[in-house]
Amino acid sequence: MRKLTDDKLLVATHNSGKLEEIQSLVRPFGVTVVGADDFGLAEPDETESTFVGNARIKAHTAAKASGLPALSDDSGIEIDALNGAPGVYTANWAESGGTRDFVKAMTRAHDELLAAGAEQPWHARFCCTLVLAWPDGHEEVFPGVIEGRVVWPMRGANGHGYDPIFQPDGYTVTFGEMDRWEKNRISHRADAVAKFVKACLG
């Protein structure tokens, strides 16, 4: 396992919430986090059919373009009764005329569960795979997951994406109802980042 010895890390995302989340987790180790916007990096096409495949594309593209170690993630929700869908197509389900409409995406998930005649509880999980890539091509991979269930109707205005319909195991509230710092502490991304921190920063 290669340690991160640089004092600057590029997080290959244009998502300010994701950037802030990772910044807060690595700040205690004296690492300065910069985002894709700081280097004017475009988002590469995500052409793989797995979370790790798409994370690899983004991390290696950013590392080569910036000359810095680059951390990228690919994440999504897998719903058991839909054979793991939407999975890597989680964001695609929200595409709507050049923007993303996650109410539309969540409604589709609910409609497909009803059409499938799936019995509740609708077991699901949020998955996140982090890839840390260096400009020389080396990489480390860290998967994260949180189990839970899909609930309906949508609940809560916090978070983003499918958070209002995901209730993590052991909780009575959805991610959409949860304080963001509590969510960030237990999320699939927190799980993956904790593994990255332990392996590469600890």
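**Exercise 1. What volume does the largest pocket have?**

Solution. The structure is a predicted model, in which local features need pLDDT of at least 70, side-chain atom pairs count only at pLDDT 80 or more, and totals for chains, interfaces and linings use all residues. Residues are numbered from 1 along each chain as its sequence is written, and side-chain values use heavy atoms, with hydrogens and water left out.

A pocket is an open set of points on a 1 Å grid over the protein atoms alone, where a 1.4 Å probe fits, with protein on both sides within 12 Å along at least five of seven lines, and its lining residues have an atom within 4 Å of a point. A volume is the space filled by probe spheres set on the points, which are joined across faces, edges and corners. The largest pocket has about 950 Å³, and of its 37 lining residues, Lys18, Glu46, Lys58, Ala91 and Arg100 lie nearest the centre.

**Exercise 2. Describe how Phe102 and Tyr162 pair, and decide how accessible each residue is.**

Solution. Aromatic rings of Phe, Tyr and Trp (its six-membered ring) pair if their centres lie within 6.5 Å, and planes under 30 degrees apart count as stacked, over 60 as edge-to-face and the rest as tilted. The whole structure holds 5 aromatic pairs. One of them joins Phe102 and Tyr162 edge-to-face, with 5.8 Å centre to centre and 70° between the planes.

For accessibility, buried means under 20% relative accessible area, exposed over 50%, and partly exposed in between (1.4 Å probe, protein chains only). Phe102, at 24%, is therefore partly exposed, whereas Tyr162, at 2%, is buried.
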